Amino acid sequence: MYSLLICGILCLVTACSNSVGYTETVNNGITVDTLSGMLRIPVYDARVVLGTTNELAKSNERPQMTVILDYPFSIGKSEVTCGEFKSLMESQEYSIDCDHNDLPIMNVSYYDAVLFANERSKKEGLDTAYTYSSIVYDSDKHCSNLEGFAFHPEVNAYRLPTEAEWVLVASINWNPAQAWTAENSDYKVHRVCGKNTAENETCDMAGNVMEWINDWLGNFRDTTVTNYVGAPDGGSLGQRILKGGSNRNPAYSITLFSRGDVYTVTSSTRANYVGFRLAYGAIPNALWMGSDGKAAVSRVVPLANSSTLRSFTKTYAMKLAFRNDLTGNLAYIDYLGGALTVEEIQDSLSVYHPDISPDGKKVAFSTGLEGIAGKSALYVRDLDAEGSNLVKLDVESAAIPRWRVLENGDTAIVYVTDAGNNKNESDFKAASTWQVTFANGKFGEPQKLFDGAYHGGISEDNSLAVTGARLLRARVGKSSVIWYNEEQACNASLAQDSSKRTLFLDFGGKTGRDFVGSKYGTHERILVADSTGKLIQSVAAPKGYSFDHSEWIPSGNNLVVATLTNANGAHTKIVLVDMSDGSVVDLAEGDELWHPAFWFKKRVATGDGVSLDLDSAGMYLSEDHINSQSKHRVKMELYWKNLNTTNVLLVGSSRMEMGIDADMFPEWNMFNWAIPGIDPVRDMYFATNYGMNHSEHLKAVVFSLDIDSWRGTEDFLSLMLYSAPGYMYDANHQFWKDGVPEDLIAAVENSYPAETDVKHQISDRGTSMAISRGWDADPIEVFYDSVYTKKQMKFFNDRIEELKFFVDMASAKGIYVIGIIFPQAPQYKKTGALGLYGLQRSVAKEVIESLQAYSKENKHFVLMDENKMGDHDYTDDMAHNRDHLSYLGAAQMTARLDSVLKTLKW
């Protein structure tokens with residue numbers, strides 16, 4: 001534990017622990033700041049330990065990592081109060097519900113917190129630490145997304161504290177036993193600093209409300225880093241950090257190393273026990289560390305989100321690849337991966353001019369650069385985090401690859417033998433343009449197309465080829481010509497939409513100035529020429545920037561991708577340019593981003609005569625969502641894909657989701673549609689409207705009967721139906737009972753995606769298994785009163801009747817209904833409750849006996865009571881936690897379901 005020594009000044013003593021951080025070498029006292037409500041932390045070469053060595057802790061809380069902080073900063077004495085939040089944010093029309101102005105602000109998202117920090121900075125005449133392009137508010141008038149969001153640690157401004165800062169300060173007087181916790185709070189929030197604290201001490205860092213941290217959630221490494229500010233992004237789930245525990249947590253469970261909640265925490269998460277406190281000050285030489293353990297003092301930040309870009313491309317299937325010139329590596333963003341993250345392929349190859357294959361799965365690149373003479377190698381690799389299946393073209397030299405699809409359907413790559421300065425005629429003609437097919441991971445035999453290095457592209461009919469790098473040269477038919485009055489030009493790119501338009505950049509020459517009608521600087525305008533070289537269009541760069549590395553987007557009609565360079569010549573942004581109106585959308589921000597290539601999947605109609613509204617059809621997820629909605633979006637896609645083969649449909653809560661392995665007995669063609677959250681109304685809705693409307697192949701529908709929590713207090717159905725328009729679109733089309741359009745699956749595939757991590761958790765049959773952790777029942781907990789109210793019992797009984805109605809409907813079609821009561825921790829036998837959420841044991845016993853009697857009356861209903869009032873045979877190693885099975889328990893449960901299915905008469 002930590003001691004506070006007051007010897008005229010405050011000193012922090014060095015300590016070591018397996019579970020908490022420590023600080024050292026802080027020899028100046030913490031003082032009340034001149035900034036209102038803040039304390040000054042005079043840190044110079046202080047050390048703090050993040051994480052723990054506790055093997056039972058979460059993987060993202062291990063191992064320990066030492067962080068050195070070599071800069072002073074300020075931190076809020078207390079959590080931001082309701083009164084403070086309302087005073088600054090009232091103009092934003094926030095919906096704030098507080099009983100008292102001195103209570104900490106709660107139920108705010110990470111984005112709400114950073115907007116407050118920005119407002120305080122602006123009020124005090126400061127620059128802001130956070131930038132963004134637009135704000136998205138949810139139905140409760142809270143910020144659910146900041147498009148183009150970026151944190152700038154070098155700015156002296158108000159912000160959220162980093163995890164290292166927070167732990168350093170919290171370590172000084174860390175004592176959760178004296179905080180507002182589950183033991184003394186009555187599960188209510190209390191006024192800030194309600195516990196006595198000294199003038200120069202923070203309050204409520206443990207308990208009361210959890211606090212937002214500035215950092216993205218990343219993994220630790222057993223190392224020492226300086227001025228750590230978290231991960232460069234939130235990974236595929238976009239996860240953030242919460243610290244300090246709340247009034248709902250027991251004191252023993254609140255630790256300095258804890259980093260989150262029981263649920264996945266993202267920037268849009270809100271809860272009525274989550275608030276924040278402010279920090280202030282620039283972070284010099286800020287360091288980010290990715291999941292690969294590599295530290296960097298710079299990062300690439302994705303800006304435009306998938307939904308914004310979809311308005312241009314009409315699909316979510318999009319990828320952006322580019323060269324990170326600081327590392328020389330290929331980096332990319334997969335917009336179909338859910339939360340935006342930048343992946344960088346680490347190897348020793350220098351990557352220039354990457355180009356994404358027509359199917360979006362591979363990327364070609366060269367080691368040579370436009371305008372630089374010399375030999376170059378050409379490679380193709382998978383566009384994934386490993387950059388797998390790397391293949392080199394075995395030729396003497398190949399540069400600036402461009403994919404194309406030939407008339408016969410083959411995929412080929414066009415390249416040049418030398419990409420040097422084309423100003424000298426003889427040097428230019430000494431090089432040549434070639435084409436090589438690529439299929440099944442292998443190159444074909446290269447074929448020479450013509451003399452001259454035409455690396456700006458070839459038209460579909462081969463009648464036009466262009467190139468830049470000093471002069472704008474074109475091959476028209478078989479003739480070689482120079483366009484643009486032989487003035488200097490570069491970055492030539494030929495459109496792939498049959499328009500034969502050439503995009504290029506110039507150096508503010510006379511021809512361009514005459515066309516535009518005004519002067520402009522080098523690369524400050526994108527110019528477009530028609531198939532004869534005549535200028536037909538120009539688009540200006542945003543103020544303060546110029547263009548570079550501009551390229552038409554294949555199949556993008558009027559869309560262009562380019563980099564922006566600032567006044568110092570640094571390539572700090574990648575942008576999408578809509579040439580139809582000249583608008584510019586920021587895609588990514590970094591220190592040096594080169595040679596962008598943008599790909600999207602062009603929609604092709606199936607021609608089945610059904611016209612789908614692609615803004616609604618198959619849209620089962622939106623930008624603002626939670627984990628269970630992501631899972632259901634994945635399972636909706638899998639449901640339609642498995643529709644004609646599914647014989648056994650599994651519906652229910654996470655108990656069913658984790659408790660049945662749909663892949664274990666492939667002969668039954670099971671599909672596990674269950675998702676987190678107990679809501680029998682939701683389960684019945686999907687089983688009835690989707691399952692029974694497409695029941696041609698169904699033999700059985702299996703429900704999880706979570707009778708310990710059939711209270712009607714949770715409305716997970718609405719959470720699904722109103723999260724995205726696809727569900728209501730299905731309802732408005734009678735759930736496609738008269739026939740599923742061929743294009744519906746393609747619509748789902750191209751809709752807003754679930755996070756990659758979520759997709760990887762779920763098999764093609766909906767299986768999602770969990771590790772074994774044991775029943776975790778010490779101490780045993782019952783979350784709610786076991787005795788249901790009259791209203792809750794009415795809801796309960798209505799669900800029983802609804803189940804029986806469904807059985808009648810299914811039996812008319814020869815379909816069996818199986819209800820499973822999943823096992824919970826056997827320790828619940830010692831309580832008055834059936835399980836985690838209650839239901840008085842005596843009532844539960846009567847309900848189960850009535851269901852058993854009903855199963856004897858109706859041969860199409862089978863009850864599998866695997867809990868047996870706690871007297872089950874699911875051992876500790878078969879449990880994931882107190883009310884969920886692990887993969888071992890799921891194997892036993894699935895085998896028993898298989899046995900039941902075999903007894904039924906089809």
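The axes here are lines fitted to C-alpha atoms, for helices over the stretch in contact, and the angles run from 0 to 180 degrees between N-to-C directions. Helices (H or I, at least four residues) and strands (E, at least two) are DSSP runs, numbered from the N terminus.

Before going further, a word on what you are looking at. This is a predicted model, in which local features need pLDDT of at least 70 and side-chain atom pairs count only at pLDDT 80 or more, while totals for chains, interfaces and linings use all residues. Residues are numbered from 1 along each chain as its sequence is written, and side-chain values use heavy atoms, with hydrogens and water left out.

From helix 9, Pro 680, Val 681, Met 684, Ala 687 and Thr 688 meet Phe 795, Arg 799, Glu 802, Leu 803, Phe 806 and Met 809 of helix 14, where contact means heavy atoms within 4.5 Å. Sorted by class, this contact has 8 nonpolar, 1 polar and 2 charged residues. For these classes, Ala, Val, Leu, Ile, Met, Phe, Trp, Tyr, Cys and Pro count as nonpolar, Asp, Glu, Lys and Arg as charged, and the others, Gly among them, as polar.

Helix 14 also has helix 15 (residues 841–857) as a partner, with axes that come within 13 Å and cross at roughly 15 degrees. Helix 14 and helix 15 are therefore roughly parallel to each other, and the crossing between them is right-handed. Here Met 793, Phe 796, Ile 800, Leu 803, Lys 804, Val 807 and Asp 808 in helix 14 meet Val 843, Val 847, Leu 851 and Tyr 854 in helix 15. That contact has 9 nonpolar, no polar and 2 charged residues. Notice Leu 803 of helix 14, which is listed in the contact with helix 9 and also in the contact with helix 15.

Helix 9 has a further partner in helix 7 (residues 627–641): their axes come within 13 Å and cross at roughly 25 degrees. That makes helix 7 roughly parallel to helix 9, with a right-handed crossing. In helix 7, His 632, Met 636, Tyr 639 and Trp 640 meet Phe 686, Tyr 690 and Gly 691 in helix 9.

Next, find Ala 890 in helix 16 (residues 887–903). Ala 890 counts as buried because its relative accessibility is 0%; buried means under 20% relative accessible area, exposed over 50%, and partly exposed in between (1.4 Å probe, protein chains only). Not counting residues up to four places away in sequence, Ala 890 touches Met 658, Gly 659, Ile 660, Met 769 and Leu 885.

Now turn to the strands. Strand 39 (residues 525–529) is mostly covered, with 5 of its 5 residues buried. Arg 525, Leu 527 and Ala 529 point one way, and Ile 526 and Val 528 the other. Two strands pair if DSSP finds at least two bridges between them. Strand 38 (residues 502–506) runs antiparallel to strand 39, joined by 4 bridges, and Phe 504 stands opposite Leu 527. Another 5 bridges join strand 39 to strand 40 (residues 535–540), again antiparallel, with Val 528 opposite Gln 537. Strands 39 and 40 form a hairpin with 5 residues between them, and Gly 533 in the turn has a positive phi of about 95 degrees.

Elsewhere, 4 strands form an open antiparallel sheet in the order 24-25-26-27. Its edges are strand 24 (352–356) and strand 27 (391–392), each pairing on one side only. Strand 26 (residues 378–382) is joined to strand 27 by 2 bridges, and Val 380 stands opposite Val 391.

Our last stop is Ala 412 in strand 29 (residues 411–416), which counts as buried at 0% relative accessibility. Leaving aside neighbours within four places in sequence, Ala 412 has contacts including Arg 402, Trp 403, Val 436 and Phe 438.

Conventions. Parallel < 35°, antiparallel > 145°, perpendicular 65-115°, else oblique. Left-handed = near helix turned anticlockwise from the far one by under 90°.
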